Amino acid sequence: MQLIVDSLLVNYEIQGDNRVKKTILLVPGWGDTLVSFRTLASELAQDYTVISVDLPGFGRTQQPQTAWGLGEYARFIGSFLKKLNNTKLYAIIGHSNGGSIAIHGLAIGAFTAEKLLLIATAGIRTTTKQKLHRRLWQPIAKVGKIATILLPGHTRQRLRQQLYKAIGSDMLVAEHMQETFKRVVGQDVREDAARLRIPTLLLYGDRDNATPLSFARLFSEQISGSKLVVIEHAGHFVHLEQPQKVMTEINKFLQ
Amino acid sequence: MIKYLTRYHPHYITALLYMLQASEYKPKDYSAWYLRTKDFSTVARRRSLVMTTKAKLLLILLWGLVLIQVMCFAIMLWIWFASDEVGWLIMAGIVTLVGPFVTAYVVLFPLWLGQIVIQRPKQRRLIAAAHQKLAAHKGLRIAVAGSFGKTTFKEVLATILSEGKMVAVTPGNMNTPIGISRFINTLTGKEEILLFELGESHVGDVKELCELVQPNMGIITGINEAHLITFKTIERTTSTIFELADFLPHGPVYKNAESELVRKRAHKNDRLLYSRRGVNGWAISDSTVSINGTHFTATKGQKIIWAESGLLGQHQIGPLVACIDIADTLGLSVSQIADGLKKTKPFEHRMQPRQLHGAWIIDDTYNGNKEGVKVGIDLLCRLEARRRIYVTPGLVGQGEKTQTIHTEIGKQLAAASIDVIVLMRNSVTAYIVEGLRQAGFQNELLLIDEPLQFYTNLEHFVAAGDVILLQNDWTDNYA
Amino acid sequence: MPKATIRSMKKTVAVIFGGRSAEHDISIVTAIGSVLKPLELSQQYNVLPVYIAKDGSWYADMKLKDIQLFTTGGIEAFCAKTKKAQLLFDNGLVLIKSGLRAEKIKIDVVFPAMHGTFGEDGSLMGLLRMAHVPFVGCDMTASVIAMDKVLSKQVIMAASVPTPKFIHFSNSEFAAHQKAIFEQVEAARLHYPVFVKPAHLGSSIGITRVIKPDDLQNAIEVAMHYDDTVLVEEAVTSLIEVTVPIMGNDELTPALVEQPLTKAEDFLDFDTKYMQGGKKGGGKRGAQGYSKLPADIPESLYNKALEVAKNAYKAIGCTGIARIDLLIDSKANKVYFNEVNPMPGDLYAHNWRQAGIAPVQLVTRLVELAEARFARQQQLEVTLTTNFLKQF
């Protein structure tokens with residue numbers, strides 16, 4: 001279904017009856033769309049009203065005109081819910097970057113929810129390993145930029161793509177959103193997390209390289225009264241890799 | 001001139017290899033084709049090259065030859081530069097001129113050598129072993145010979161007999177001494193019936209095969225002008241195929257009465273002459289043909305068989321009733337025979353129906369004789385259709401009679417008032433068109449320049465309710 | 001006897017595809033699969049592919065016949081290194097491929113295989129009329145009417161062909177007098193559910209089904225995002241959607257009444273229409289995904305659908321080919337006109353084929369229809385020629 005929010009054409013889906021039951025919002029991660037939540041959403045829809053949305057720039061929602069940060073994304077969700085006349089969320093479920101947006105949004109009061117569920121959530125930007133990583137690559141990138149200045153445009157672009165692929169960056173997941181990406185990953189949400197006072201469940205995969213277990217531990221320290229569950233045999237897309245286990249945990253938490 | 005220059009295009013090499021492969025590495029056919037070809041860029045339009053090990057080796061050899069020529073050419077030029085003797089320049093020119101021909105023929109040498117040194121002795125040993133093995137085998141041997149229809153007959157008979165007997169049958173077109181010997185060497189000894197297809201391309205072939213397989217029973221499925229080029233006269237073809245009858249002066253030999261040449265040669269009162277009217281006391285009634293198959297009733301005394309075969313066409317009834325009689329003589333019950341008949345299905349590329357977007361395509365591309373064309377047109381007329389479409393390139397290897405045969409086909413098509421006639425343009429097209437004209441054909445005629453394009457894009461030419469009969473596939477060597 | 005075709009005497013048919021529309025990619029599929037190939041196979045024409053890139057540049061090259069050029073993304077490199085084609089109006093259409101030696105190609109017939117804006121909405125037809133060249137499909141006026149849902153419904157109503165009740169308004173009207181518009185909806189007594197649609201887009205992009213008045217505002221906003229005119233239309237109950245491809249200038253040949261199978265959603269959106277077309281098993285493959293062919297409706301209703309479709313085709317003034325979408329109220333046995341597609345995706349070849357017209361026959365007949373219409377128009381022009389200036 002479609003809706004205009006702040007002049008952006010927004011694609012979303014509602015499952016379940018949106019008048020009677022409690023509402024749950026699903027927020028996908030960077031470069032991801034509501035499609036990856038469909039199974040989860042239809043199961044949840046038996047007991048709740050489930051809204052899933054494509055964030056601006058991804059799926060079939062329009063791209064924002066300017067570069068956005070977490071703040072813009074959080075406020076966007078606020079306006080989106082208002083447009084749907086559904087501002088009182090029972091729970092919000094965020095995956096990866098969607099989790100960061102949820103944390104930030106709740107912290108700044110862009111929207112409210114009774115419960116928070118974070119799946120393989122990102123938002124911790126300066127672990128020592130990452131610093132090392134950056135310190136290693138930044139000079140190389142600078143040198144590369146200068147070295148390739150004389151090459152034709154498309155060759156340069158291809159080289160760049162190969163480089164980003166080699167270092168496993170998400171930068172090119174959505175090439176059209178590079179500036180937004182830089183802004184979003186520049187924001188650390190640990191302080192926001194510390195301000196949360198609602199029951200929170202953290203679900204992380206034991207084989208996740210993108211948002212490793214160290215993130216999970218840092219978040220569970222920050223958010224008082226949060227609960228961490230590590231899902232075995234799962235990478236970053238926990239809800240797609242171990243749907244059953246995830247569903248069981250979510251049901252337990254939401255009841 | 002430009003056509004001539006195709007001999008210097010890299011495609012030339014591929015074309016040579018394709019020609020070798022398509023002519024089954026027979027030097028004579030290859031050579032004839034080579035000499036006939038003017039433009040090598042158009043070779044390999046109908047099919048494409050299959051990269052077997054043999055083909056790969058030959059390809060390397062061919063390019064090796066080219067390389068040697070290029071080097072010779074270069075060296076001669078170089079010497080000419082160095083010595084300034086015009087003789088070397090002329091030599092280089094000659095190399096350039098004769099190069100392609102040398103390549104085309106030198107490539108035959110290793111093939112010939114392989115034949116003499118490796119293949120021939122191996123084949124002799126193989127045949128000897130088969131001879132021995134078969135001498136000890138207790139199964140009944142049935143041999144099938146004829147210019148056409150033998151593969152179908154063999155397969156149908158095997159299907160029916162399998163309802164009550166252990167049957168072994170020569171696979172595919174394995175009908176040469178080598179092929180049959182290979183087949184014999186795979187037998188277990190337990191088979192009750194052995195079915196052999198006997199191939200013929202030269203006088204004495206059938207006799208030689210009879211001596212190898214020692215048949216107890218024979219079937220002659222039909223005689224026509226196929227292989228007329230090697231047989232020279234139709235009489236020689238006839239007597240070669242009748243070598244099977246000669247080998248079995250007392251044994252049962254079934255003969256197809258619907259083939260004129262067979263009927264003429266056989267005795268009038270031969271009870272084993274089979275046709276759509278019956279054979280050996282069997283009478284046929286109530287025959288119908290649809291896209292799903294051919295149905296009829298066969299009666300002999302107290303025995304009644306309601307035959308439902310998946311094979312298409314009235315012309316199938318003769319062979320089917322011959323099979324019924326053979327099965328009956330060999331002791332199969334009426335119900336076993338009926339069950340066997342039900343299992344007979346069209347063979348690949350032989351009157352084989354398939355659906356395409358709601359249209360019926362009858363694939364009869366393996367047919368290659370005028371009898372087949374006649375029954376094909378007959379079948380097409382009998383089937384329900386929105387449009388009847390007939391597709392053919394014409395017949396191959398009809399010798400002197402090419403013109404009359406194709407004009408006749410044109411007339412038959414016109415008489416059958418086929419809705420659309422599609423002809424692959426080649427040397428016989430004009431004769432068919434002439435036949436159509438003489439008979440006053442008024443419907444749609446399509447002449448196709450790119451057969452491969454046509455066949456692979458058939459779906460663009462058909463609509464629901466059409467029946468399309470595809471007959472007589474041509475390879476390039478007849479283009 | 002059939003006409004003998006000599007190579008040099010073959011007419012040149014230019015197949016124009018691509019274009020500056022949202023349906024650029026679908027046009028490529030239509031052109032290569034359903035137009036170029038069968039036209040070539042007919043052996044009656046020299047077929048020239050003419051591709052309009054997303055930026056509006058024209059290219060004419062035989063290499064454009066290959067779908068792989070587009071599926072592999074090689075098209076961008078191709079456009080970068082290939083000279084653009086120029087148009088010359090020389091009492092007919094001539095394409096010029098510049099290069100070392102400029103190649104002039106006289107076009108005898110144009111086959112526009114374009115969908116959506118510029119290609120299907122009459123713009124290209126206007127250009128071709130100016131060029132004085134016969135072209136396949138609806139003429140300019142019919143295309144303009146067809147691509148405007150409001151206009152086509154008004155024309156249809158004038159011809160007494162039934163179509164669902166509706167109101168329409170422009171974006172500026174809505175912005176200025178929102179309240180008045182809502183009152184208008186009330187006054188028109190439109191029964192809910194209603195459909196809110198942008199007036200111009202061909203596929204179901206931007207269309208929302210609205211169940212209650214509260215949701216109307218959001219739906220109008222979405223429609224206005226796509227177009228400057230919006231219509232609110234009563235939904236047909238007990239709905240069966242069918243579509244009928246029709247061919248002809250004066251004498252109309254309808255194909256079969258086809259029933260596209262909608263999924264769980266209330267109607268097809270762009271995704272089901274084009275993106276998933278034929279990927280999964282079951283149903284007939286077509287530009288519209290899955291469908292029942294012929295439609296599973298009683299004979300009387302089937303005939304009524306054919307009748308309404310033909311009347312709509314005539315009322316709008318379609319020629320060549322068009323596809324009429326109908327809405328059937330299966331309880332009331334009523335057939336309504338919904339919209340018309342002047343250039344159906346794939347030409348609806350799968351339907352024509354079931355109706356007994358093979359793709360090769362379809363395209364050659366369409367070219368013949370184009371030439372027939374052109375010849376008639378020329379006759380009219382001749383009678384209208386005056387020597388006004390010479391009087392002085």
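Of the 392 residues that make up chain C, 46% count as buried, and the secondary structure of this chain comes to 13 helices and 17 strands. The model described here is predicted. The most contacts among the two pairs of chains that touch are found between chains B and C, whereas chain A and chain B do not touch, their nearest C-alpha atoms being 33 Å apart.

- The domain assignment divides chain C into domain 1, covering residues 7-136, domain 2, covering residues 165-234, and domain 3, covering residues 239-374.
- The centres of domain 1 and domain 2 of chain C, taken over C-alpha atoms, are separated by 37 Å.

**Nonpolar cores**

- The largest nonpolar core holds 130 residues, and the members that touch the most other members are C:Val15, C:Val110, C:Ala312 and C:Leu326.
- Helix H1 of chain C, residues 24-41, supplies the largest share of this core, which amounts to nine residues.
- Once the neighbours within four places in sequence are left aside, C:Ala312 is in contact with C:Ile156, C:Val161, C:Ile324, C:Phe337 and C:Val340.
- A second, separate core of 81 residues includes A:Ala102, A:Leu118, A:Leu203 and A:Phe215.

**Chain B: the antiparallel sheet**

- In chain B, four strands form an open sheet with antiparallel pairing, and their order is E7-E8-E9-E10.
- The edge strands of this sheet are E7 (278-279) and E10 (303-309) of chain B, each of which pairs on one side only.
- Strand E7 of chain B is joined to strand E8 of chain B, residues 282-290, by two bridges, and the two strands run antiparallel; within this pairing, the bridge partner of B:Gly278 is B:Ala283 in E8(B).
- Helix H14 of chain B, residues 317-329, packs on the sheet and touches E7, E8, E9 (293-300) and E10 of chain B, while the direction of the helix makes about 135° with that of E8(B).

**Chain B: the parallel pair**

- Strand E14 of chain B, residues 420-424, and strand E15 of chain B, residues 444-448, pair in the parallel sense over five bridges, and B:Val422 stands opposite B:Leu446 in E15(B).
- Together with helix H18 of chain B, residues 429-438, the strands E14(B) and E15(B) make a right-handed β-α-β unit.

- Among the contacts in chain A between residues at least 6 apart in sequence, 73% join residues at least 24 apart.
- Strand E1 of chain A, residues 2-5, pairs with strand E2 of chain A, residues 8-15, in the antiparallel sense over four bridges, and A:Leu9 in E2(A) is the bridge partner of A:Ile4.
- The hairpin of E1(A) and E2(A) has two residues between the strands, and in this hairpin A:Asp6 takes a positive phi near 45°.

Terms used
Residues numbered from 1 in each chain as written. Chains lettered and ligands numbered in written order. Predicted model: local features only at pLDDT ≥ 70, side-chain atom pairs only at ≥ 80, totals over all residues. Pairing = 2+ DSSP bridges. Right-handed = clockwise from strand over helix to strand, strands pointing away. Contact = placed C-beta atoms within 7 Å. Axes fitted to C-alpha atoms, helices over the stretch in contact; angles between N-to-C directions. Domains from an automatic or database assignment. Core = buried A, V, L, I, M, F, W, Y, C linked by C-beta atoms within 7 Å. Buried ≥ 20, exposed ≤ 12 C-beta atoms within 10 Å, placed from the backbone.
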